[in-house]
Amino acid sequence: IPLTNKSRTIVMTGPLLDIPADRPFVEDENVEWYFRPETGGVLMGMGNNPTQSPEAVLDNEMVKNIIEYAIHRVPVLEKASLHTSWSGVRPLTADGYPIFGHVSGVDGLLLNCGWGGMGIIQAPVAGQVMAELVWNGKTSTFETEDLHLSRFAT
């Protein structure tokens with residue numbers, strides 16, 4: 001299964017009333033940075049670095065980069081206090097899309113992997129579509145042909 005482990009560092013601020021709780025998830029794909037309100041503060045993430053380790057070690061340089069980029073992108077974040085930070089590993093595919101569906105030549109094996117951080121956001125629909133595939137042998141919510149493992153065959 002063509003997955004590569006990539007590390008991402010997360011920073012959580014203390015309470016920050018200047019960012020409303022209903023502010024939407026904001027992502028800058030050019031630098032792999034995002035932020036969103038979380039429990040009165042702001043959660044920010046950055047990084048897409050390949051790693052051989054299944055466990056990520058906190059990258060303090062990346063924490064510094066996240067903070068600098070955050071202040072540049074959303075200046076009010078300069079008022080925020082640092083509550084906590086950590087790094088984690090995400091299994092991702094080379095094209096950034098998940099692998100979903102039956103595996104050719106292996107009866108009964110279905111894959112639903114490679115979502116990275118988006119798996120949490122898209123878990124409800126991914127579960128629904130997987131249930132359709134198991135129950136009906138095909139999906140009806142949306143077509144998954146482009147997500148099959150076979151796209152990596154070449």
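**Close-up views of a predicted model**

**View 1. Contacts of Tyr69.** Leaving aside residues up to four places away in sequence, Tyr69 touches Asp28, Val31, Trp33 and Met46, where contact means heavy atoms within 4.5 Å. The side chains of Tyr69 and Asp28 make a polar contact at 2.3 Å. A polar contact is a pair of N or O atoms within 3.5 Å; within protein, one must be able to donate a hydrogen and the other to accept it, and residues adjacent in sequence count only if both atoms are side-chain atoms. This is a predicted model, in which local features need pLDDT of at least 70 and side-chain atom pairs count only at pLDDT 80 or more, while totals for chains, interfaces and linings use all residues. Residues are numbered from 1 along each chain as its sequence is written, and side-chain values use heavy atoms, without hydrogens and water.

**View 2. Tyr69 and Trp33.** Tyr69 is part of helix α1, residues 60–73. Helices (H or I, at least four residues) and strands (E, at least two) are DSSP runs, numbered from the N terminus. The C-alpha atoms of Tyr69 and Trp33 are separated by 8.1 Å, with the two residues 36 apart along the chain.

**View 3. The sheet.** Five strands form an open sheet in the order β2-β3-β4-β1-β5, with antiparallel pairing. Strands β2 (26–28) and β5 (82–92) are the edges, each pairing on one side only. Two strands pair if DSSP finds at least two bridges between them.

**View 4. Strands β1 and β4.** Strand β1 (residues 4–13) runs antiparallel to strand β4 (residues 41–50), and six bridges join them. Met12 stands opposite Leu43 in β4.
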